Amino acid sequence: MNTIMRKSVLSVAGLAFAGGVFAGPIAAHANPVDAKPATAVAVQAGAPKPQGEQSHIDLNGEQTANVKAIIAATKKAGLPERAAVISIATSLQESKLENLGHLGDANDHDSLGLFQQRPSSGWGTPEQITDPAYSTTAFLKGLKQVDGWQDMPLTDAAQTVQVSAYPDAYAQWEQQATDLVAQHWNS
């Protein structure tokens, strides 16, 4: 790996670490009682099989709009469906696809938005981070810096960007994210 690429990867990793290390506690406060095992089995051609037991939540209108915003940002970035699957699964874990503002006492730091990104860690201003297109683009920028993200397990790709205290938690949302992309990619 050349020096410029190595510095870029290390910079993104540092930003992701600083921005994501505290994102895990938000996931711990998420209501796991709402999650139920998924029954759908649609998988993108060529995509790795989902790892482990899968969770599923029913989405409301706001959450569905956020799915569509993530897909639109992924397309605008010129990335494939797999990037949207990773992004949606990450957002399902971090915020249940809700564009969260500051959570007060339930949040001991400044994580915001769909991906629980932190203004204090350089992800953007609170206004930017709570804009679904901006926050998705920021996440995708980090994802593109991960060598081989297209072929690695979803939870590894998401964790490399987010650096969560719960690195394996993203895997449980892969099936629902895959199904949502299949449903909305061409709509």
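Visitor: Which handedness does the crossing of α4 and α7 have?

Guide: In this predicted model, α4 and α7 make a right-handed crossing. Their axes come within 10 Å and cross at roughly 70°.

Visitor: How should I read an angle like that? What does it make of α4 and α7, roughly parallel or roughly perpendicular?

Guide: Angles from 65 to 115 degrees count as roughly perpendicular. The two helices cross at roughly 70°, and α4 and α7 are therefore roughly perpendicular to each other.

Visitor: Which residues in α4 and α7 meet there?

Guide: Look along α4 for R82, V85, I86, A89, T90 and E94; their partners in α7 are L154, A157, A158 and Q162.

Visitor: I see steps of three and four in those numbers. Why would residues three or four places apart point the same way?

Guide: An α-helix has 3.6 residues a turn, so residues spaced three or four places apart point the same way. Sorted by class, the α4 and α7 contact holds six nonpolar, two polar and two charged residues.

Visitor: How many residues of α7 are buried?

Guide: Seven of its nine residues are buried, and α7 is mostly covered. The buried ones are L154, T155, A157, A158, Q159, V161 and Q162. Just after α7, you can find V163, with a positive phi of about 50°.

Visitor: Let's turn to another pair. At what angle do α4 and α6 pack?

Guide: Helix α4, residues 81-95, packs against helix α6, residues 132-144, at an angle of about 120°, and the axes are 11 Å apart. That angle makes α4 oblique to α6. The crossing of α4 and α6 is right-handed. On the α4 side the contact is made by A83, I86, S87 and T90, and on the α6 side by F139, L140 and L143. By class, this contact has five nonpolar and two polar residues, with no charged ones.

Visitor: And how do α3 and α4 cross?

Guide: The axes of α3 and α4 come within 9 Å, crossing at roughly 145°, and the crossing is right-handed. From α3, you will find V67, I70, I71 and T74 meeting A83, A84, S87, I88 and S91 of α4. The contact of α3 with α4 divides into six nonpolar, three polar and no charged residues.

Visitor: What is the general idea behind a nonpolar core?

Guide: In soluble globular proteins, nonpolar side chains tend to be buried together. In this structure, the largest nonpolar core has 35 residues, and I86, I88, L143 and W149 touch the most other members. The elements giving two or more residues to this core are α3, α4, α6, α7 and α8. The largest share, seven residues, comes from α4.

Visitor: Which residues does I88 touch?

Guide: Leaving out residues up to four places away in sequence, I88 touches V67, I70, I71, L97, A177, L180 and V181.

Visitor: One last case. Is K96 buried or exposed?

Guide: The cut-off for buried is under 20% relative accessible area. K96 has 15% relative accessibility, so K96 counts as buried. You will find K96 in the loop between α4 and α5.

Visitor: How far apart are the C-alpha atoms of K96 and W173?

Guide: They are separated by 9.8 Å, although K96 and W173 are 77 residues apart along the chain.

Note on methods. Residues are numbered from 1 along each chain as its sequence is written. This is a predicted model: local features need pLDDT of at least 70, side-chain atom pairs count only at pLDDT 80 or more; totals for chains, interfaces and linings use all residues. Side-chain values use heavy atoms; hydrogens and water are left out. Axes are lines fitted to C-alpha atoms, for helices over the stretch in contact, and angles run from 0 to 180 degrees between N-to-C directions. Helices (H or I, at least four residues) and strands (E, at least two) are DSSP runs, numbered from the N terminus. Angles under 35 degrees count as roughly parallel, over 145 as roughly antiparallel, 65 to 115 as roughly perpendicular and the rest as oblique. A crossing is left-handed if the near helix is turned anticlockwise from the far one by less than a right angle, and right-handed if clockwise. Contact means heavy atoms within 4.5 Å. Ala, Val, Leu, Ile, Met, Phe, Trp, Tyr, Cys and Pro count as nonpolar, Asp, Glu, Lys and Arg as charged, and the others, Gly among them, as polar. A nonpolar core is a set of buried Ala, Val, Leu, Ile, Met, Phe, Trp, Tyr and Cys residues joined through side-chain atoms within 4.5 Å. Buried means under 20% relative accessible area, exposed over 50%, partly exposed in between (1.4 Å probe, protein chains only).
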